[in-house]
Amino acid sequence: MNVVLLGPPGAGKGTQARRLAERFGIPQIATGDILREAMASGSELGRRAKSYYDRGDLVPDEIMLEVVAERLRQPDAARGFVLDGFPRTVPQAEGLDRLLDGMGRSLQAVLLFEVPRDALVRRLSGRWVCRASGHVFHELYSPPQVPGRCDHDGSELVQREDDRPETVERRLEVYARQTAPLVEYYRARGLLHTVDASADPEEVGRRVEAALRQAGVL
Ligand code: AP5
């Protein structure tokens, strides 16, 4: 399964990518998670990415392509992958095509998650993530059993720096300008499948699997 989940901030890409990864035993490759880990560890990648990330801007394409190239070469990605948050620009999509081509592989489907803008803002403003391993909750839609604590490892739940209202506005603008052109890019290649992702996570999960069946991936 070589698939990409595409959609605006808060559309639920991470939530569904994690489900697919668990269910099908393939890695979720989330470039946002990779950057957050790099920033937390203070690595060279984290230092290069931080100012872009904090503003809600995209990290430069050449940096992201290097990150993804290295991740796709790991043995666990040999059987497939769910890309979450990458590609995000046309040059990234072209770079991914070249990279997969060089590995004798190709994308099978790109799922576009559609959610109305007001719901995106509600999802992002109520998101809480665990400090230890990034498990994701929502104060209304998927609340933790104990407020402020992760169900999986008991660690503290925090809000993401880039979920502040002004940064969310910027991320939505950046999506419209730099990422939305990928819809046509993948439609033209016959890879695009639209998922109405405005329902609850279980129903969206069923729609994702239906779209993958329609695409011939399942
Ligand atoms: P990244 O971490 O990729 O953020 P994003 O794309 O903005 O997406 P989010 O993680 O905010 O949302 P999501 O769609 O995964 O939703 P989630 O499942 O969490 O990127 C962050 C930054 O890193 C970028 O701004 C950029 O600076 C940089 N970056 C990353 N990749 C890059 C790249 N390729 N190139 C350049 N820069 C890059 O759900 C959101 C909330 O809603 C959660 O609380 C969840 O519980 C809840 N929820 C999920 N599904 C549902 C549902 N169906 N109903 C109700 N609530 C739901």
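Buried here means under 20% relative accessible area, with exposed over 50% and partly exposed in between (1.4 Å probe, protein chains only). This is a predicted model, where local features need pLDDT of at least 70, side-chain atom pairs count only at pLDDT 80 or more, and totals for chains, interfaces and linings use all residues. Residues are numbered from 1 along each chain as its sequence is written, and side-chain values use heavy atoms, leaving out hydrogens and water.

**Exercise 1.** Work out which residues of helix α8 are buried, and how they sit around the axis.

*Solution.* Start with the span: α8 covers residues 181-188 (helices are DSSP runs of H or I, at least four residues, and strands runs of E, at least two, numbered from the N terminus). Next, pick out the buried ones: L182, V183, Y185 and Y186. Now look down the axis: these residues fall within an arc of 165°, so they line one face of α8 (the arc uses directions from the helix axis to the C-beta atoms). Finally, check what they pack against: β1 (2-6), α5 (90-102), β4 (109-114), α7 (165-179) and β8 (192-196) (contact means heavy atoms within 4.5 Å).

**Exercise 2.** Find the aromatic pair and classify its geometry.

*Solution.* A search of the whole structure turns up 1 aromatic pair. The rings of Y185 and Y186 have centres 5.0 Å apart and planes at 85°, so the pair is edge-to-face (Phe, Tyr or six-membered Trp ring centres within 6.5 Å; planes under 30 degrees apart are stacked, over 60 edge-to-face, the rest tilted).
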